[in-house]
Amino acid sequence: MKVFSALIAVAALFGGIQLFHAGNGASVAEEASAPGNTYRLVANGDEGACAVTRGAPVSGGLSLLTVAPNCRRLLPGIEQAKFWREGQDGAVAFSANGIDPIVTFAVADGEGYESYAPTAPLLSLVGDRKIED
């Protein structure tokens, strides 16, 4: 009888661990605390907005990037960006080839990023907000 009780306890423990890790080795708590990869790109204080999504990592701070076609209204040419490069200082650059930036952002005082190159238009990049066109 003790063996049977011990087996039930082990099965319950194993089931709880699998539930917490969602069965894929990644902790549910880790997934919940991970930052979102969808951002709202806003021009000049909410005059226009569009969506950008940081994709899978490629290498050394470089990730894939998806820019909504309507982002062209904010900065012509930005729709060609395919890569997100994050520098050691936290700055972020979007580029078509992974090297030459189309736009570069610095970490903002509050939340997200603010563009500094090119100097106009001023763009803000904020995570996980609903896009309104």
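Let me begin with Glu-86, which is partly exposed, at a relative accessible area of 29%. On that scale, buried means under 20% relative accessible area, exposed means over 50%, and partly exposed is what lies in between, taken with a 1.4 Å probe and protein chains only.

Before going on, some ground rules. This is a predicted model, in which local features need pLDDT of at least 70 and side-chain atom pairs count only at pLDDT 80 or more, while totals for chains, interfaces and linings use all residues. Residues are numbered from 1 along each chain as its sequence is written, and side-chain values use heavy atoms, with hydrogens and water left out.

Back to Glu-86. Which side chain does Glu-86 meet in a salt bridge? The partner is Arg-54, at 3.0 Å from N to O. Arg-54 belongs to strand S2, residues 48-59, and Glu-86 to strand S4, residues 83-86, so this pair ties together parts that are 32 residues apart in sequence. Strands here are DSSP runs of E with at least two residues, numbered from the N terminus. As for the salt bridge, the rule asks for a side-chain nitrogen of Lys or Arg within 4 Å of a carboxyl oxygen of Asp or Glu. In general, side chains of opposite charge can pair when their charged atoms come close.

How many salt bridges does this rule give? The count is two. Glu-79 and Arg-72 form a salt bridge through their side chains, at 3.5 Å from N to O. Glu-79 is partly exposed at 22%, and Arg-72 is partly exposed at 45%.

Next, the cysteines. A disulfide is a pair of cysteine sulfur atoms within 2.5 Å, and the count by that rule is one. It joins Cys-50 to Cys-71, with 1.9 Å from S to S. Cys-50 sits in strand S2 and Cys-71 in the loop between strand S3 (62-67) and S4, so the link ties together parts that are 21 residues apart in sequence. The link is right-handed, with 110° about the S-S bond. Are these two cysteines buried or exposed? Both Cys-50 and Cys-71 are buried.

Last, Ala-96, in the loop between strand S5 (92-95) and strand S6 (101-107). Ala-96 is partly exposed, at 39%. Its C-alpha atom is separated by 8.9 Å from that of Glu-79, 17 residues away along the chain. Leaving aside neighbours within four places in sequence, Ala-96 has contacts (heavy atoms within 4.5 Å) with Gln-80, Ala-81, Lys-82, Phe-83 and Ile-102.

How values were computed: Helices (H or I, at least four residues) and strands (E, at least two) are DSSP runs, numbered from the N terminus.
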